[in-house]
Every structure is written in C-alpha cells, then in structure tokens.
Amino acid sequence: GVAHTLYFGNDVDNNNNNYTTQQQKQQQLPWMLSFLSGGLAGMTASAATYPLDLARGRITGKLAGPGGKKHYKGIVNTVLITAREEGVRALYKGVTPTLLGAMPYEGIKFGTVGMLERAFPKSSTGEEQGGVLSNNIIRKLVFGGAGGVSAGLLTYPNDTIRRLLQLQGSKGTTEHFDGYFDCLRKTYAKHGIERFYRGAFINIVRMAPNTAIQFGSYELLKQMSEGYF
C-alpha cells in the first residue's frame, strides 16, 4: 500500500545517497597520491619559473642601496643585471632549497586537502543545487586554508634558507654561502633557531587566504564548467 510505497521510496533514496557517497570516495585520490602529485607539480612549476622568483626576492630584499640609489628597477631589469654581472647561472641561485621545499610544501598542501576531503565528504542529501554548490565551495575554502597553513608552517625554515641564498651576491649584501648546508650551518651558528622562523607568522597569514582562494576558485570554476566540457 501507501506505507510500503513510502518505505520503498525512502529505501531507494538511501541507496542512492549511499551510492553517491561511495562514488565520491572512489573518485578521491588517496592522500599519499595527492601528496606525490601535488609535490611533483610544484617542483615542475618552481623550476620553470625560478628566475622570476629570484628577481622578486632581490627586489624585495635589496631594492635600494647606500644613498637611496635603486639597484633593481623591476623584474626584467633585475634578471638582466643579475645575468650580466653574475652570469646566467646566478639566476638559479637558491634553486636547490626551492625544489626541495616545493615537494613537501605542495605535497603537504594537497595531501592535507585530500585527507580532509575523505574525512568530510561532499553533501549527498537532496539539497537544491545552489546550496550544494555553496557548501562545496566553502569546504574547499576551509580545506585549502588549512592546507596552506600546515604547509607554510612546516616548510618555512627551508624558505628562509632559499631567500638567504637568493640575496647573496646582490648589491648591498656581504654574506656568502657555499650551498644549502653551509647556509644552514652559518645561519644557525650566528642567529640560532629563531632566525629560521623570522616572519613565519606573516607568511602563514598570507598563505591561509592564498590557498583558500586557490582551492575555492578551482571548485567554483569546476562546477560552473561541468556542462561545457
């Protein structure tokens, strides 16, 4: 009768919801695979764009010298001056810690998001599409922010070494390091462990909204383009 129909209908809905949840879990990557794929992608991107990163580091680190005279006047100018005065290889100073840091940074970021995705799966209830979309975007914003904070905090000492290696040789600097481990040893001997975390709070405050917007925007654009590709 009617009761049997209602029960059967509820049973079908529950089965559909369970199937949707299982399907979502099957589509999600294991956290280790998320770690590796995110880390390798980050290393590739860092290697391809490293001269721009070095130019940014030098501009922000040593924009003006004694007397207020500017040494670097923009990205292109910085790249050209560095290559002319120090050689083309100088454009890759500090690339080792950058590549070493890109793997764990991007890996931790994507791995954290992957673990949170599995721990808190998407809503599979019968909400209207707008509500589900909004909910999924908020999830990605929160998960992305958490991933950025975790990755930024754990890899910040490596980022400090990267910046110190980038600045050596630029106008106005006197410190010289013979590679990654020499920089690590000399910096620790001279300043102690706290030097490696100088500016970490500001970096975390910057990375939380940065990665939140990255993952939230990705989810929004993915949802908007589903019917076109």
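Residues are classed by relative accessible area: buried means under 20%, exposed over 50%, and partly exposed in between, with a 1.4 Å probe and protein chains only. By this scale, arginine 163 is partly exposed, with a relative accessible area of 27%.

The structure is a predicted model, in which local features need pLDDT of at least 70 and side-chain atom pairs count only at pLDDT 80 or more, while totals for chains, interfaces and linings use all residues. Residues are numbered from 1 along each chain as its sequence is written, and side-chain values use heavy atoms, with hydrogens and water left out.

The protein chain has seven helices and zero strands. Its order from the N terminus is α-α-α-α-α-α-α. Helices (H or I, at least four residues) and strands (E, at least two) are DSSP runs, numbered from the N terminus. The chain has 229 residues, and 37% of them count as buried. Contact means heavy atoms within 4.5 Å. Among contacts between residues at least 6 apart in sequence, 71% join residues at least 24 apart. The accessible surface comes to about 13800 Å². Carbon and sulfur atoms hold 64% of that surface. Areas come from the Shrake-Rupley method with a 1.4 Å probe; for residues, only the protein chains shown count as cover.

The largest pocket has a volume of about 980 Å³. A pocket is an open set of points on a 1 Å grid over the protein atoms alone, where a 1.4 Å probe fits, with protein on both sides within 12 Å along at least five of seven lines; lining residues have an atom within 4 Å of a point. Grid points are joined across faces, edges and corners, and the volume is the space filled by probe spheres set on the points. The lining of the largest pocket comprises 37 residues. Asp53, Arg56, Asp159, Arg162 and Arg206 lie nearest the pocket centre. Two or more lining residues come from each of helix H2 (31–61), helix H4 (95–119), helix H5 (129–167) and helix H7 (200–225). H5 gives the most, with eleven residues. By class, the lining has ten nonpolar, 18 polar and nine charged residues. Nonpolar covers Ala, Val, Leu, Ile, Met, Phe, Trp, Tyr, Cys and Pro; charged covers Asp, Glu, Lys and Arg; the others, Gly among them, are polar.

H7 has 26 residues. From first C-alpha to last, H7 reaches 37 Å, close to the 38 Å expected at 1.5 Å a residue. The expected span is 1.5 Å times one less than the number of residues. Buried positions in H7 include Ala200, Met207, Phe215 and Gln223. Phe215 is also in contact with valine 113, a residue of helix H4. Valine 113 is buried, at 5% relative accessible area. Further contacts of valine 113 are Phe143 and Gly144, neighbours within four places in sequence aside. Valine 113 and glycine 144 are 31 residues apart in sequence but 6.1 Å apart in space, C-alpha to C-alpha.

Arginine 163 is found in helix H5. Its contacts beyond four places in sequence are Tyr156 and Arg198. Leucine 54 is 109 residues from arginine 163 in sequence and 8.3 Å away, C-alpha to C-alpha.

Tyrosine 180 lies in helix H6 and is buried at 18% relative accessible area. Tyrosine 180 touches Pro97, Asn158, Ile161 and Leu165, not counting residues up to four places away. Arginine 195 lies in the loop between helix H6 (180–191) and H7. This arginine counts as buried because its relative accessibility is 14%.
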